[in-house]
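User: Please go through the pocket, the salt bridges and the surface patch of the model shown below.

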Amino acid sequence: FSFGINYELNNFYTLKLDASKNFRIPTYNDLYWSSAGNPELNPEKSLQAELGNQFSFQNMDAGVTFYFNDVSDMIRWLPGTDGIWRPGNEDEVAIYGLESFFNWNKSFSKDQRLDARLSYAYTISENQETSRQLIYVPFHKATGNLSYSYHQFTPSIQVLYNGSVYTRTDHSDELPGYFLANFGLAYDINQQQNLELGGSVNNVFNTEYQNVEDRWMPGINFNLYINLKF
C-alpha cells in the first residue's frame, strides 16, 4: 500500500506526509550472477514513512524531509573474505534521517540568470542486531551547484562532500570523507533546436579518494559533450 497527503497551509508552507509498505524480489543477477549469485535470497520487505516540510518565497524554495524505513531481509552486495562481492540478506535494518534542499534563482534580464542549489542528507542505516552503521553508507552527504546564464553561455561550479564510510561490519576500518569540485561551461548553439556544446574540468583540486576500498577514483579529468534534445 501507499498513502500520501499534501497540505498547503499557505503560500509559504506545505506539509507532506507519505507512508508505504514495499516489496522487492531479488533480481536475476542477485540470484544467478556467475560465481557470485545467491539463489537462496529472500525477498526484501519494508515499511516506510516520510514527513516533509516545504517552504516557498518569491524566487526561493527550501525543504526538509524526515524519514524512517524498517527493512527486513535487505538485499545487499558485500565483499567476502576472498574479495569477491556477493549478495545476501540483512535480517533487520533501520534507515532514518533527513534530506534537505535549498534552491534560489535571480533573473537580472531576459538573458541573464543566476541559479544556486544546495542539498544535504544525514543518514543512519543501522543493522538492528549489531546497532552498527552499514558499510559504505556515509552519515553526511552534501552537494551544491552555482550557475550563471549569460545570453548563450552558462558557466557553473559543482561541489560534493561525501562523509567517511566504514568498510568493515565491525567498524574496524573506514575510508575518509572527500570533497570534490567541478567547473563547467556550456554554450547554446541553437536554442530553438536545443543544441548545446559544453565541457567541464572535474576534480579540479586533484583530490585522492576512493568510493570503494582499493578502487581509486580519477584525479583531475576533462569532459566534452554535445547535447541534442528532440
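Analyst: A pocket here is an open set of points on a 1 Å grid over the protein atoms alone, where a 1.4 Å probe fits, with protein on both sides within 12 Å along at least five of seven lines; lining residues have an atom within 4 Å of a point. This is a predicted model, in which local features need pLDDT of at least 70, side-chain atom pairs count only at pLDDT 80 or more, and totals for chains, interfaces and linings use all residues. Residues are numbered from 1 along each chain as its sequence is written, and side-chain values use heavy atoms, with hydrogens and water left out.

User: Which residues lie nearest the centre of the second largest pocket?

Analyst: The space in this pocket comes to about 250 Å³, a volume being the space filled by probe spheres set on the points, which are joined across faces, edges and corners. Its lining has 14 residues, and nearest the centre are P79, G80, T167, R168 and E213.

User: Is D73 buried or exposed?

Analyst: D73 forms a salt bridge with K45, with the closest N and O atoms 3.5 Å apart. The pair links strand 4 (residues 60–79), which holds D73, to strand 3 (residues 44–57), which holds K45. Buried means under 20% relative accessible area, exposed over 50%, and partly exposed in between (1.4 Å probe, protein chains only). K45, at 33%, is partly exposed, whereas D73, at 17%, is buried.

User: Which strand supplies the largest share of the nonpolar patch?

Analyst: Patches of this kind join nonpolar side chains (Val, Leu, Ile, Met, Phe, Trp, Tyr) within 5 Å, from residues with over 30% relative accessible area and no salt bridge. The patch includes F1, L47 and F66 and has about 980 Å² of accessible area together, by the Shrake-Rupley method with a 1.4 Å probe. Strand 1 (2–8), strand 2 (13–24) and strand 3 each supply at least two residues. The largest share, 3 residues, comes from strand 1.

Methods. A salt bridge is a side-chain nitrogen of Lys or Arg within 4 Å of a carboxyl oxygen of Asp or Glu. Helices (H or I, at least four residues) and strands (E, at least two) are DSSP runs, numbered from the N terminus. Patches are made of residues with over 30% relative accessible area and no salt bridge: like charges are joined within 9 Å, nonpolar side chains (Val, Leu, Ile, Met, Phe, Trp, Tyr) within 5 Å.
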